[in-house]
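This report goes through a structure from its ligand surroundings to the interface of its domains. Please keep the sequence and the model at hand while reading.

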Amino acid sequence: MAKLFIPGPIDVSKETYCAMSRPMIGHRGAEFEALYASTQPMLKQLAGTTRPVFLSTSSAWGVMEASLKNLCAKKVLNLCCGAFSDKWFSVAQSMGLEAGKVQAEWGEAIPPEAVKAKLEEGGYDLVTLIHNETSTGVMNDLEGIARVVKSFPGVLLVVDSVSSFSAVPVAMDELGIDVLLAGVQKALALPPGLTVFACSEAAIERAKTMPDRGYYFDFIEFAKNAEKNNTPSTPAISLIFGLQHILGEIEKEGMGNRFARHSANNAMIHQWGARHGFKNFAPEGNRSVSLTCFHTPAGFDQSGFIKTLKSKHGFLINGGYGKIKGLTFRISNMGNETRETMQELIDAMDDVLG
Ligand SMILES: *Cc1c(COP(=O)(O)O)cnc(C)c1O
């Protein structure tokens with residue numbers, strides 16, 4: 001089986017799998033509450049919040065959809081610049097919500113001024129932003145956009161940090177983010193099935209006023225249960241064992257060292273690309289540090305390259321996502337990768353390119 005350098009799910013360490021194979025425990029009891037509580041300090045630090053961080057047994061889309069359900073009373077503004085952010089707009093429409101969008105070209109970042117212009121039209125009470133658009137390798141200007149949104153009272157900001165959480169600092173409280181969410185199979189290097197998310201007080205207050213929230217994804221249920229270090233329904237306990245392990249590793253490494261390691265590993269891939277004449281799909285200044293998206297040059301046998309890399313060296317990279325499949329390819333450096341493991345990948349890619 002190939003080692004994953006695709007931008008999610010990513011490679012999971014043996015130690016994480018070991019932690020996940022601990023015997024099962026019941027979730028309504030002291031043992032689970034201790035497990036849950038143990039995840040909180042580091043999750044809060046990573047999110048830059050003093051708010052509780054909830055554990056949702058779902059992939060990220062569960063909480064992305066729930067954010068609309070719990071928080072959009074009037075109209076949502078979806079900031080779109082790639083496959084995931086564009087889809088958030090179509091999900092809002094599929095829920096029958098009133099939705100507007102700011103659409104940037106794929107490969108471009110969302111201009112904060114465009115968000116301002118759109119919000120000035122009025123009528124919006126919610127904005128969705130994908131911090132790191134995994135399909136294009138673009139990292140949006142979270143600070144700039146948050147500042148704009150915060151200048152419109154009554155407009156809440158939901159931020160998807162799926163592929164940036166724990167790779168770069170995120171300052172939820174300082175920036176006034178109302179919901180911050182991250183699926184664990186990307187930057188946190190766990191198997192899929194769990195999403196961590198935090199809600200501001202304003203988000204909880206808004207949710208309380210919303211009718212028809214249902215149960216499984218009701219933010220108020222999450223908040224009530226979090227007070228007892230618990231979840232509304234039976235959680236993916238094995239994944240939480242894995243989460244506890246990873247958070248311990250992050251604590252040992254130190255958050256600052258982890259951020260620096262991601263930048264350095266990402267720079268190695270940029271240098272590799274430059275050496276081969278591969279152009280970055282994302283613009284300078286808005287490039288992700290957890291993955292790299294390259295243009296596929298004309299005449300380059302991209303699928304042959306990816307196939308041989310897998311069959312000869314056992315490494316899997318990705319051949320592009322959504323409407324830029326084939327036109328781009330992506331390499332992840334999320335999770336536990338080191339200078340050495342990135343070098344192994346680079347040597348293998350060099351070998352295949354000949
Ligand atoms: C992968 C990804 C998602 C979707 O996550 P699922 O686990 O498939 O629900 C959402 N947002 C971003 C930025 C992603 O990279």
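A residue is taken as near a molecule or strand if one of its heavy atoms lies within 4 Å of it. By that rule, the residues around the ligand are Ser59, Ala60, Trp61, Met64, Phe84, Ile130, Asn132, Thr134, Asp160, Val162, Gln185 and Lys186. The model is a predicted one, in which local features need pLDDT of at least 70 and side-chain atom pairs count only at pLDDT 80 or more, whereas totals for chains, interfaces and linings use all residues. Residues are numbered from 1 along each chain as its sequence is written, and side-chain values use heavy atoms, with hydrogens and water left out.

| Side chain | Distance to an oxygen atom of the ligand |
|---|---|
| Ser59 | 2.6 Å |
| Thr134 | 2.5 Å |
| Lys186 | 2.6 Å |

Turning to the domains, whose bounds come from an automatic or database domain assignment, the chain is divided into domain 1 (3–9 + 254–353) and domain 2 (15–251). Their centres, taken over C-alpha atoms, are separated by 26 Å. With contact meaning heavy atoms within 4.5 Å, 26 residues of domain 1 touch 32 residues of domain 2. The area buried between domain 1 and domain 2, that is, the accessible area (1.4 Å probe) that two parts lose on being put together, summed over both, is about 2300 Å², and carbon and sulfur atoms give 64% of it. Met255, Arg258 and Phe259 supply 23% of the area that domain 1 buries against domain 2, more than any other three residues.

Between domain 1 and domain 2 the count of salt bridges is zero, a salt bridge being a side-chain nitrogen of Lys or Arg within 4 Å of a carboxyl oxygen of Asp or Glu. Across that interface, however, ten residue pairs are in polar contact, both residues at pLDDT 80 or more.

The whole structure holds 14 salt bridges. One of them joins Lys3 to Glu337, with the closest N and O atoms 2.9 Å apart.

Notes
Polar contact = N/O pair within 3.5 Å; in protein donor to acceptor, adjacent residues only side chain to side chain.
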